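I open the notebook on this chain and go through it place by place.

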Amino acid sequence: MGLATSAYRKVAPARLEQRGAVRHPVAIKRASIRGHGRQPADAELDDLSVYGCRISVDGEFKTGERLWLRFAGGKAIAASTVWCDGGKLGCRFDEPLERDVFRSLTLVFD
């Protein structure tokens, strides 16, 4: 009888978080984004990990599109879009961010 009732227990929703690292809030929001063959566009950095970020931008981008991101006037960072949804993009950097760049952009100081 115990086995039959266990089949009807409520199960918590699956955890959909599949990132390789935790995203952190950012201290610096100013960013620009440039797709291949496009002019740079102003954007806003929403959150960041050493492997990627979420960014807000006006304009259409496609999943898998190659990009150059620039945060607060720093050097350009190569990335690709992982997802796009209504002006929000999830981007994965080609190379993990250097520690000093990450620390300069985030609110997390260890």
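This is a predicted model: local features need pLDDT of at least 70, side-chain atom pairs count only at pLDDT 80 or more; totals for chains, interfaces and linings use all residues.

I find 15 lining residues. Nearest the centre of the pocket lie Lys75, Ala76, Ile77, Leu97 and Val101.

I noted the volume next. The largest pocket comes to about 260 Å³.

Which classes make up the lining of the largest pocket? I have nine nonpolar residues, two polar and four charged.

I then asked which elements supply the lining. Strand β6 (77-85) and helix α2 (99-105) each give at least two residues. The largest share is that of α2, with three residues.

**Core**

I turned to the largest nonpolar core. It holds 21 residues. Leu48, Leu69, Phe71 and Phe93 have the most contacts inside this core. I listed the elements that give two or more residues to it: β2 (30-35), β3, β4 (52-57), β5 (66-71), β6, β7 (88-93) and α2.

What does Leu48 touch, not counting residues up to four places away in sequence? My list reads Val22, Arg23, His24, Val26, Cys53, Phe93, Leu97, Phe102, Leu105 and Thr106. Phe93 is, like Leu48, one of the core residues with the most contacts. Leu97 is among the residues nearest the pocket centre.

**Asp46**

I moved to Asp46 in strand β3 (residues 41-48).

I checked the side chain of Asp46 for a partner. It makes a polar contact with the side chain of Ser56, at 2.6 Å.

I also took the contacts of Asp46, leaving aside neighbours within four places in sequence. They are Val26, Lys29, Arg54, Ile55, Ser56 and Lys88. Val26 is on the Leu48 list too.

**Whole chain**

I count two helices and seven strands. Along the sequence the pattern runs α-β-β-β-β-β-β-β-α.

How much of the chain is buried? I have 32% of the 110 residues.

I looked at contact range last. I took contacts between residues at least 6 apart in sequence. Of these, 49% join residues at least 24 apart.

Technical notes. Residues are numbered from 1 along each chain as its sequence is written. Side-chain values use heavy atoms; hydrogens and water are left out. Helices (H or I, at least four residues) and strands (E, at least two) are DSSP runs, numbered from the N terminus. A polar contact is a pair of N or O atoms within 3.5 Å; within protein, one must be able to donate a hydrogen and the other to accept it, and residues adjacent in sequence count only if both atoms are side-chain atoms. Contact means heavy atoms within 4.5 Å. On a 1 Å grid over the protein atoms alone, a cavity is a set of points where a 1.4 Å probe fits but cannot get out, and a pocket is an open set with protein on both sides within 12 Å along at least five of seven lines; lining residues have an atom within 4 Å of a point. Grid points are joined across faces, edges and corners, and a volume is the space filled by probe spheres set on the points. Ala, Val, Leu, Ile, Met, Phe, Trp, Tyr, Cys and Pro count as nonpolar, Asp, Glu, Lys and Arg as charged, and the others, Gly among them, as polar. A nonpolar core is a set of buried Ala, Val, Leu, Ile, Met, Phe, Trp, Tyr and Cys residues joined through side-chain atoms within 4.5 Å. Buried means under 20% relative accessible area, exposed over 50%, partly exposed in between (1.4 Å probe, protein chains only).
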